[in-house]
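The following note sets out some points on the structure shown below.

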Amino acid sequence: MKTSQTGINLIKSFEGLRLRAYKALSSEKYYTIGYGHYGADVASDQVITEEQAEDMLKTDLSTYESRVDKYEHIYHFNQNQFDALVSFCYNIGSIDQLTNYGSRSLSEISEKMLLYNKAGGKVLQGLVRRRQKEQQLFNSPVVIESQYASFTCPHCGEELIIRLG
């Protein structure tokens, strides 16, 4: 499964876009750039374009998608659950503990999400908001757009239904 635009927008909304490398905390080992791309490949003086940030995000997403996908055979995630978990994983690094290595139910996973709201032992409001949004998406049913459309015939006034696609 791939992250939908809804999931990408959620990640972007919390990661923000930074085109110049930075350290959120001076104690961090590596620098961060783009939409939360973090690692040894980011130089302290690095500056990128928005297009490069998008490319980094796409590359990073494939890593986190595979970390969520490894539980697909257990949970059969819908798109919203998958997107929420990729966002969670993008921020935390894994969903192993959240799922208790695949032993929790979907409702338990949803409930436990909210507990991952601390950094350095302190509750951070940004993480509280992120976990709430992820949980909200996780619990949202997937809406499938109708494959049919109806319209009124201008000549006879009869309602006609046609299949799209």
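1. As used here, a pocket is an open set of grid points with protein on both sides within 12 Å along at least five of seven lines. The model is predicted, and its largest pocket holds about 830 Å³ of space.

2. The lining of this largest pocket consists of 24 residues. Those that lie nearest the centre are E15, A24, E28, T32 and N91. By class, eleven of the lining residues are nonpolar, seven are polar and six are charged.

3. Which elements supply at least two residues each to the lining of the largest pocket? They are helix 1 (5-15), strand 3 (37-39), helix 2 (50-69), helix 4 (79-92), strand 4 (118-119) and helix 7 (125-138). Helix 2 gives the largest share, with four residues.

4. Helix 7 also packs against helix 6 (residues 106-113), at an angle of about 160° and with the two axes 9 Å apart. Because angles over 145 degrees count as roughly antiparallel, helix 6 is described as roughly antiparallel to helix 7. The crossing of the two helices is left-handed.

5. On the side of helix 6, the contact is made by L106, I109, S110, E111 and M113. Helix 7 contributes R131, E134, Q135 and F138. Taken together, the residues of the contact between helix 6 and helix 7 comprise four nonpolar, two polar and three charged ones.

Terms used: Residues numbered from 1 in each chain as written. Predicted model: local features only at pLDDT ≥ 70, side-chain atom pairs only at ≥ 80, totals over all residues. Heavy atoms only, no water. 1 Å grid on protein atoms, 1.4 Å probe; cavity = no way out; pocket = protein on both sides within 12 Å on 5 of 7 lines; lining within 4 Å. Points joined across faces, edges and corners; volume = space filled by probe spheres on them. Nonpolar A, V, L, I, M, F, W, Y, C, P; charged D, E, K, R; others polar. Axes fitted to C-alpha atoms, helices over the stretch in contact; angles between N-to-C directions. Parallel < 35°, antiparallel > 145°, perpendicular 65-115°, else oblique. Left-handed = near helix turned anticlockwise from the far one by under 90°. Contact = heavy atoms within 4.5 Å.
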